[in-house]
Amino acid sequence: MNAISIEIHYIASSQLMQRGSFLLRGRRPEQIALAFWKQIQREMSYHARLEKIIVDGDKDFTKLVTDLKKQELRNIDTNWNLPF
């Protein structure tokens, strides 16, 4: 099993960083990083702003994760089916 380490640097009331190790389980590292970032945002009682995402200590995945988030939002917009 492949495991990755993810560090998320963000600003809330001050500069913060959270780190975790995750198993890939058939997912791409940017998918796991986005899920981790969403979890952090849910746990924060106020808005947190993403600074950077580092995978395995040296790879900057910030752009990949923000692009994936934008893609998810576009998919929601295009598949928006309201009954009225």
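## Overview

Helices, as the word is used here, are DSSP runs of H or I with at least four residues, while strands are runs of E with at least two, and both are numbered from the N terminus. The structure described here is a predicted model, and the protein in it has two helices and four strands.

Read from one end of the sequence to the other, these elements follow the pattern β-β-α-β-β-α. The C-alpha atoms fill a box of roughly 50 × 35 × 20 Å along the principal axes, and 30% of the 84 residues of the protein count as buried. Among the contacts between residues at least 6 apart in sequence, 54% join residues that are at least 24 apart.

## The sheet

The four strands form an open sheet in the order S2-S1-S3-S4, and their pairing is antiparallel. Strand S2 (15-23) and strand S4 (59-60) stand at the edges with a single partner strand each, so one side of each is left without a neighbour in the sheet. In general, strands of a sheet pair through backbone hydrogen bonds, whether they run parallel or antiparallel.

Taking the pairs in turn, S1 and S2 run antiparallel and are joined by nine bridges, with isoleucine 4 standing opposite phenylalanine 22 in S2. S1 also pairs with S3 in the antiparallel sense, over six bridges, and here isoleucine 6 stands opposite valine 55 in S3. Valine 55 has a bridge partner in S4 as well, namely lysine 59, and S3 and S4 are joined, again antiparallel, by two bridges.

The largest nonpolar core has 19 residues, of which Ile6, Ile8, Tyr10, Ile40 and Ile53 touch the most other members. At least two residues of this core come from each of strand S1 (3-11), helix H1 (29-43), strand S3 (49-55) and helix H2 (62-78), and H1 gives the most, with six residues. Isoleucine 53 shows what such a position looks like in detail: apart from its neighbours within four places in sequence, isoleucine 53 is in contact with Ile6, Glu7, Ile8, Ala33, Lys59, Asp60, Phe61, Thr62 and Val65. In soluble globular proteins, nonpolar side chains tend to be buried together.

The side chains of histidine 9 and glutamate 7 are joined by a polar contact of 3.2 Å. When residues up to four places away in sequence are not counted, histidine 9 touches Leu16, Met17, Leu50, Glu51, Lys52 and Ile54.

Beyond its neighbours within four places in sequence, methionine 44 is in contact with Tyr10, Ala12 and Leu16. Methionine 44 and asparagine 2 are 42 residues apart in sequence, and their C-alpha atoms are 29 Å apart in space.

## Positive phi angles in two loops

Arginine 25, found in the loop between S2 and H1, has a positive phi of about 50° although it is not a glycine. Arginine 25 is exposed, with a relative accessible area of 69%.

Aspartate 56 is found in the loop between S3 and S4, and these two strands form a hairpin with three residues between them, where aspartate 56 in the turn has a positive phi of about 55°. Aspartate 56 is partly exposed, with a relative accessible area of 36%.

Technical notes: Residues are numbered from 1 along each chain as its sequence is written. This is a predicted model: local features need pLDDT of at least 70, side-chain atom pairs count only at pLDDT 80 or more; totals for chains, interfaces and linings use all residues. Side-chain values use heavy atoms; hydrogens and water are left out. A nonpolar core is a set of buried Ala, Val, Leu, Ile, Met, Phe, Trp, Tyr and Cys residues joined through side-chain atoms within 4.5 Å. Buried means under 20% relative accessible area, exposed over 50%, partly exposed in between (1.4 Å probe, protein chains only). Contact means heavy atoms within 4.5 Å. Two strands pair if DSSP finds at least two bridges between them. A polar contact is a pair of N or O atoms within 3.5 Å; within protein, one must be able to donate a hydrogen and the other to accept it, and residues adjacent in sequence count only if both atoms are side-chain atoms.
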